Amino acid sequence: MAMEPLLEQLFSEIRAPLTPSEHAMIERAFAFAKKAHEGQIRKTGEPYLNHVVATAKRLAEWRMSPAIIIAGLLHDVPEDTPFTIADIEKEFNKDIASIVAAETKLGTVRYQGVERYAENLRRLILSMAQDVRVLFVKFADRAHNLETLYALPEAKQRRIALETLQIYAPIANRLGMGEIRGLLEDLSFSYVYPKEYTWLTDLIKGKYEEKKGRLKTVKEIIRGELTLSQIKNINIHGRTKHLYSLYRKLLRYDRDLSKIYDLVAIRIIVENVAECYTVLGIIHRLWRPLKGRVKDYIAQPKPNGYKSLHTTVFSEEGEIVEFQIRTTEMHEESEYGIAAHWQYKEQSKDPLPTEQQSRLHWLQELARIQKELHDKKDFLETLEELKIDVFQNRIFIFTPKGDVLDLPENSTPIDVAYAIHTDIGNHCVRARVNGTISTIETKLNSGDIVEIVTDPKRKGPSIDWLKFVTTRNAREKIKSFSRVGVSSWIRSIIPSKQPLQK
Ligand code: MN
């Protein structure tokens, strides 16, 4: 019997070789989903089955393992059909059933407004800290929901797209999943900022193609030079910037497109780290680099684990070109981040590489803070702070010793001081930023070297600092210092047997 076209499409997306039993299990999962969703129609008018197959296809495209692809096929079964988690466990196995179960718990939220947002965020964080694969299925599910968002009422469109920009995309970014983040953001952009979206698409109409055309010569020259230097297995391609990421960058550059050099960048992928530096040398021998634009993210990876060499040069006829140089491994990592570890295979026995460990650690830390928050009365207020702290764009700051601190955008020397040590924060009087004396409220930029100047005579933080600090850590330390101050003063005037709390 001929294979169903939908199933055939799914198999054609799976690049990894499948064992006969994996192949058979995917076929069974497809048949199971088909039976379970029989007769169900989505708002778009399509059969519901299309949605779960689209989710599974996206997971296959991200090179996820068979178990994750199967969980994608089954992710809406317990919620919308007569079949249960127990049925899935019986038909398949415990592992797949547990991913689907976590997926389902994420789906049903009773609250409205900001509480709904908070509850959603809390559940998402808790379940992904337990099993990060839940997150991959959730992202693929969300991507297809965004692709078919046009079928929903306007208010719902905006809510889902906004939630994606505020929660999903920043998490994808923090876990190093650059490609997945870009996809989710671009699919949400037009629903959240319709006017800006139209403005931008008009602005860049034809610009990508124009730039790509001008880069053709540059690509040919570099390919010739690399071949002469006997560098084998090179992949050279033009990388076009994601739309939403271009939009955010334009806002930082007075909306001036001529200041954006990486609308299209040339990406060079080689076999090993030594070759990355060789390629950089060759590029700089051919063309003059722009000052301050050479970035070695191999020696100093970004806080989210991103590694590459970047440089921007004046090429033929004064064209400004950005190059990104990396190994295949770095490339996979930068596109899929933590997900790269789950590609093709089930969780392997080998220990996670260091960056992956720090990403997992970040997730667990986030889950811990979330749990703590849940018991507090000022849950929502603290959550707002947490949201700002965790999901803002990050910058990284160097200490004079070369340590790297990962902080939110708009951080100040006070945030840096408290990130180093509470005592340093409490006694901070000014800072040296890149060697220049600066005030404690200076907004720092990524890559700044910040030296904190303390004065032991200083009595402690000023409550005014709360007006400009950015991190939750600094804010809490400043507040708790003043709380201690106030409560000990109260104790001194009202002798009390009851401990003074809050
Ligand atoms: Mn779904």
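A salt bridge is a side-chain nitrogen of Lys or Arg within 4 Å of a carboxyl oxygen of Asp or Glu. A search of the whole structure, which is a predicted model, finds 25 salt bridges.

**Salt bridges**

- Side chains of opposite charge can pair when their charged atoms come close.
- Arg 58 is joined to Glu 61 by a salt bridge, and the closest N and O atoms of the pair are 3.2 Å apart. Both residues belong to helix H3, where they are three residues apart, about one turn of the helix.
- An α-helix has 3.6 residues a turn, so residues three or four places apart point the same way.
- Arg 58 counts as buried because its relative accessibility of 14% is under 20%. Glu 61, at 34% relative accessibility, counts as partly exposed.
- Helix H11 (residues 178-192) holds both Glu 185 and Arg 181, four residues apart, about one turn of the helix. These two residues form a salt bridge whose closest N and O atoms are 3.2 Å apart, and both are buried.
- Asp 254 forms a salt bridge with Lys 259, with 3.1 Å between the closest N and O atoms. Asp 254 is exposed, having a relative accessible area of 61%, whereas Lys 259 is partly exposed, with a value of 34%.
- Salt bridges also link Glu 210, Lys 211, Arg 214 and Glu 319 in a network.

**Helix H3 against helix H4**

- Helix H3 (residues 49-61) packs with helix H4 (residues 66-74) at an angle of about 160 degrees, and their axes are 7 Å apart. H3 is therefore roughly antiparallel to H4, since angles over 145 degrees count as such.
- The crossing of H3 past H4 is right-handed.
- On the H3 side, the contact is made by Val 52, Val 53, Thr 55, Ala 56, Leu 59 and Ala 60. On the H4 side, Ile 68, Ile 69, Gly 72 and Leu 73 take part.
- The residues of this contact of H3 with H4 comprise eight nonpolar, two polar and no charged.
- Nine of the nine residues of H4 are buried, so H4 is largely enclosed by the rest of the structure. Among these buried residues are Pro 66, Ala 67, Ile 70, Ala 71 and Leu 74.

**Helix H1 against helix H3**

- The axes of helix H1 (residues 5-13) and H3 come within 8 Å and cross at roughly 15 degrees. H1 and H3 are therefore roughly parallel to each other, because angles under 35 degrees count as roughly parallel.
- H1 passes H3 in a right-handed crossing.
- H1 contributes Leu 6, Gln 9, Leu 10 and Glu 13 to the contact, while H3 contributes Leu 49, Asn 50, Val 53, Ala 56, Lys 57, Ala 60 and Glu 61.
- Six nonpolar, two polar and three charged residues make up the contact of H1 with H3.

**Glu 322 in strand E6**

- Glu 322 lies in strand E6 (residues 320-327) and counts as buried, at 5% relative accessibility.
- Glu 322 and Thr 312 are 10 residues apart in sequence, and their C-alpha atoms are 4.2 Å apart in space.
- With neighbours within four places in sequence left aside, Glu 322 is in contact with Tyr 261, Asp 262, Ala 265, Ile 266, Arg 293, His 310, Thr 311 and Thr 312.

Key
Residues numbered from 1 in each chain as written. Predicted model: local features only at pLDDT ≥ 70, side-chain atom pairs only at ≥ 80, totals over all residues. Heavy atoms only, no water. Axes fitted to C-alpha atoms, helices over the stretch in contact; angles between N-to-C directions. Helix = DSSP H or I, 4+ residues; strand = E, 2+ residues; numbered from the N terminus. Parallel < 35°, antiparallel > 145°, perpendicular 65-115°, else oblique. Left-handed = near helix turned anticlockwise from the far one by under 90°. Contact = heavy atoms within 4.5 Å. Nonpolar A, V, L, I, M, F, W, Y, C, P; charged D, E, K, R; others polar. Buried < 20%, exposed > 50% of the residue type's maximum accessible area, 1.4 Å probe, protein only.
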